[in-house]
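Today I opened my notebook to look at where a ligand sits. Here is the structure I worked from.

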Amino acid sequence: MHPILNIATIAAKEAGEFIANQLEHIDRLDIEEKGRNDYVSEVDKHAERIIIDTIRKYHPDHSIKAEESGHHQTDSDFEWIIDPLDGTTNFLHQFPQFAVSIAVTEKGRLMHGVVYDPLRDELFSASRGAGARLNNYRIRVSEQKTLQNALMATGIPYYDFEYVDAYLESLKQFMLTTAGIRRPGSAALDLAYVACGRVDGYWEMRLKPWDIAAGALIVTEAGGMVSDFKGGDKYLESGNLIAANGKMLKEMAKIIGKTIPEEFRN
Ligand code: 2AM
Ligand code: CA
Ligand code: CA
Ligand code: CA
């Protein structure tokens, strides 16, 4: 294992264990609403502290971009992109679907990623060129070729409701053409599930880099493809993303092209 992936793994597991242990204290948590429907608890913040302290111990010079504490830019080529708790809404409702997501870029290129589900003790990980794993096993995207038999994952908009109609059009088309759609509520795990073939495809709009950086690398290292809504690779910038195996991705892109107006595809 690459030493950087090893540090990411240690940090994700430690933060994940902490989060899982806090589930039983949920009624006593301090919760803030950062923006419409965007909640943060002291658990998110403490988990992020655990992760950043671990990174700083080994790589005090690296840049860090973390959801709850912002961007600490240095002149290093390396940047850690952290979502300490992806699926906070689920966590706060004790709905058992949330994860820790940690990615590392070098000169802007995704190099390592881990997504850790502490309740199932499932660690999804990848380093560029070395394939993707679920715990110690290699994983691959599904081979499903047609939408007709495909199980999809998505995320439903919860803020910025101006693009709700565009999203609903895409949802309607996928509803009419696929075998089913799930909305589990953690973008990082949705991508991890594409990587191991539990779902055949995933799309969502307006995501943040920390939701998707690690999961996107895990998908591509599992033989899948990730693209933005214009057929390019600017998904970290645009926050609009499709992920699937290559054949399925093409089919999905057709539906996105047909249903999401150009102004919402940027
Ligand atoms: P978060 O829990 O780290 O904020 C995609 O749906 C992403 O949107 C999730 O991974 C989640 O990340 C974020 N999100 C924030 N608020 C949400 C909400 N109310 N419902 C669903 N997702 C939300
Ligand atoms: Ca959040
Ligand atoms: Ca998130
Ligand atoms: Ca989060």
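I looked up the site first: ligand 1 sits in the largest pocket. A pocket here is an open set of points on a 1 Å grid over the protein atoms alone, where a 1.4 Å probe fits, with protein on both sides within 12 Å along at least five of seven lines; to sit in it, more than half of a molecule's atoms must lie within 2 Å of its grid points.

I noted that this is a predicted model, where local features need pLDDT of at least 70, side-chain atom pairs need 80 or more, and totals for chains, interfaces and linings use all residues. Residues count from 1 along each chain as written, chains are lettered from A and ligands numbered from 1 in written order, and side-chain values use heavy atoms, without hydrogens and water.

Next I listed the neighbours: 17 residues surround ligand 1 (a heavy atom within 4 Å). The closest are N37, D86, G87, T88 and E204.

Then I checked polar contacts (N or O pairs within 3.5 Å). A ligand nitrogen is 2.9 Å from a polar backbone atom of N37, and a ligand oxygen is 3.1 Å from one of L85.

Lastly I sorted the shell: β5, a DSSP strand (E, at least two residues), gives the largest share, three residues.

Definitions and conventions
A polar contact is a pair of N or O atoms within 3.5 Å; within protein, one must be able to donate a hydrogen and the other to accept it, and residues adjacent in sequence count only if both atoms are side-chain atoms. On a 1 Å grid over the protein atoms alone, a cavity is a set of points where a 1.4 Å probe fits but cannot get out, and a pocket is an open set with protein on both sides within 12 Å along at least five of seven lines; lining residues have an atom within 4 Å of a point. Helices (H or I, at least four residues) and strands (E, at least two) are DSSP runs, numbered from the N terminus.
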